[in-house]
Amino acid sequence: MTHAYRSTRHALRTGTALAGAAALAALLLATPVSAAESHGAAMAREAAAHLAAGKEDDPTVVKAPEPNARRVYVYDAKHFAAISQQFIIDGDSARVIGMADGGFMANPVVASDGSFFALANTVFSRIARGQRTDYVEVLDPRTTDPIADIALPDAPRFLVGTYPWMTALTPNNKTMLFYQFSPNPAVGVVDIAGKKFDRLITVPDCYHIFPANDQSFFMHCRDGSLAKVTMGADGKDEVKKTEIFHKESDHLINHPAYSPKNGRLVWPTYTGKLFQIDLSSGDAKFLPTVEALTDEERKDGWAPGGWQQVAYHRATDRIYLLVDQRAPSRHKAPSRFALVIDAKTGKRIKKIELGHEIDSLGVSQDATPQLYALSTGARTLFIFDPETGMETGKVDQLGAGPQVITTADM
Amino acid sequence: MRSILFAAVLAALPLAAAHAGEAVEVVTGATASAADVKIAKMKFQTPEVKIKVGETVTWTNTEPLPHNVHFKAGGPVEKDVEGPMLRANQTYSLKFNAPGTYNYICTPHPFMTGKVIVE
Ligand SMILES: [Cu+2]
């Protein structure tokens, strides 16, 4: 598999290498596009000047710029296709600056310092059948070259519509944790630094993985509690459950927002009740719940909906939530509005009309963040200034069914 | 499709004979069970049953949500024994030919667990 993969990559590189020198210079700079001149027009002008000056083309393999807080990863599972794609986007210039191939229903993660990104992957020897191989691929964020290829024994990955917190990095970026559903709930430990699979930790009937620190992570259990799993030296792992923090009728969505840097877990229900849990101490502290929507709004059919329905900005302590008027059981349909909520008081700061059918929200973690709104149907990432609520840019043609936004809290 | 095919095969073949000699064999037709396990509310209602070697356990799903019993390879079972999905009021019987503890799950609901202790 590795060889086949490498040759594909080689072919892609050859394609990239056809880019001319002038185009290359423009790509490398990834400068913001002025309103007056599109990126394409700027490249054409530069290439023409290059040619007029009598300079030769010098094709080479380009590198993406150094990662920054506005680097956005958009994962396209392609509606359950056997091969998927990760688009690497510069939020400032609203341009694609790289791509990486993934297998079936990959789980993307990005190192918190931007130093690498990785995909927990599944491939088969005959495209979608034959021998199954699960592996973790760690990639360089500038070249997209593989840094590590770590095999996962006995095909342990949970194949499911991409939930970001089914795979997570510890805060030191040295360990990847991934979820196994069948034949029993377990969490796989991958030593990213040592480039090897470590072990499977058997866990109770719990889901998702939220690392509180480098040694422990939390999960959400069927009975409505959290489980704290402490990874001990030489495989002596401990599991301890918290109190039950929500009723059976509170349906918590599959895409909570989690900020590993301050341990904040923001977990909406189908009706827009927001559970917040502070994991920063290494123990779960349940904060007061907040209603994102008023009784009146709920009566009028307002409810959260989409894929990644919630985003959390750590520095400003703000929650962004996708909402719209919808029929019951339409919780996966896109939304046209984003609520901006003060996480501390629960007060609504703003309601942004997005102007598009949006499935997923993300936010950059710099001081004046960009709000990312991804439309799976339009295959477009729309970029907003959440302060003004204005759309400031967009990136289209993002594969077949892009669903997942990942940013690094650098 | 696969489970329909499996069910068809079950009906057509005297599987009990085919599996004779193995730790677990599928029993078809009317049978006397030493233990009956009802499946309801996402649970095996008797999660632990004790029987003697050569006795049979029968599972009955009592709800519309399909369930099965699935013994993973390991312990007394050499190869995976993955029972067909049972719809409401369907049953499945297994005869246990060797002593030991047989742990099982429901394939799509791995949090549903049970065990058969054969003495
Ligand atoms: Cu079941």
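A: Start with the contacts of A:N173. Leaving aside residues up to four places away in sequence, A:N173 touches A:A111, A:S112, A:D113, A:F116 and A:I192. With one of these, A:S112, the link is polar: the two side chains make a contact of 3.0 Å. A:N173 itself sits in a loop of chain A, between β8 (167-169) and β9 (175-180). Is A:N173 buried or exposed? Its relative accessibility is 9%, so A:N173 counts as buried, the cut-off being under 20%.

This is a predicted model, so confidence comes next. Chain A has a mean pLDDT of 92. In that chain, 91% of the residues reach 70 or more. Residues 1-34 of chain A are another matter: pLDDT stays under 50 there. For that stretch the model has 49 contacts beyond four places in sequence.

Further along chain A there is an open sheet of 4 strands. The order is β16-β17-β18-β19, and the pairing is antiparallel. β16 (257-259) and β19 (285-291) of chain A stand at the edges. Each has a single partner strand, so one side of each lacks a neighbour in the sheet. On average, neighbouring strands of this sheet are turned by 15 degrees against each other, direction ignored. Inside the order, β17 (residues 264-268) and β18 (residues 273-278) of chain A run antiparallel and are joined by 5 bridges. Across this pair, A:P268 stands opposite A:L274 of β18(A). In general, strands of a sheet pair through backbone hydrogen bonds, either parallel or antiparallel.

Now chain B. UniProt, in an unreviewed entry, lists residues 34-119 of chain B as "domain: Blue (type 1) copper". That span is 52% strand and 0% helix. Its end C-alpha atoms lie 13 Å apart.

Which strands of chain B pair with β8 (residues 91-96)? One is β1 (residues 24-27) of chain B, antiparallel to β8 over 4 bridges. In this pairing, B:V24 stands opposite B:F96 of β8(B). Another is β5 (residues 56-61) of chain B, which runs antiparallel to β8(B) and is joined to it by 5 bridges. Here B:V57 has B:L94 of β8(B) as its bridge partner.

Key
Residues numbered from 1 in each chain as written. Chains lettered and ligands numbered in written order. Predicted model: local features only at pLDDT ≥ 70, side-chain atom pairs only at ≥ 80, totals over all residues. Heavy atoms only, no water. Helix = DSSP H or I, 4+ residues; strand = E, 2+ residues; numbered from the N terminus. Buried < 20%, exposed > 50% of the residue type's maximum accessible area, 1.4 Å probe, protein only. Polar contact = N/O pair within 3.5 Å; in protein donor to acceptor, adjacent residues only side chain to side chain. Contact = heavy atoms within 4.5 Å. pLDDT = per-residue confidence, 0-100. Pairing = 2+ DSSP bridges. Axes fitted to C-alpha atoms, helices over the stretch in contact; angles between N-to-C directions. UniProt positions renumbered as here; feature names shortened; annotations may be inferred.
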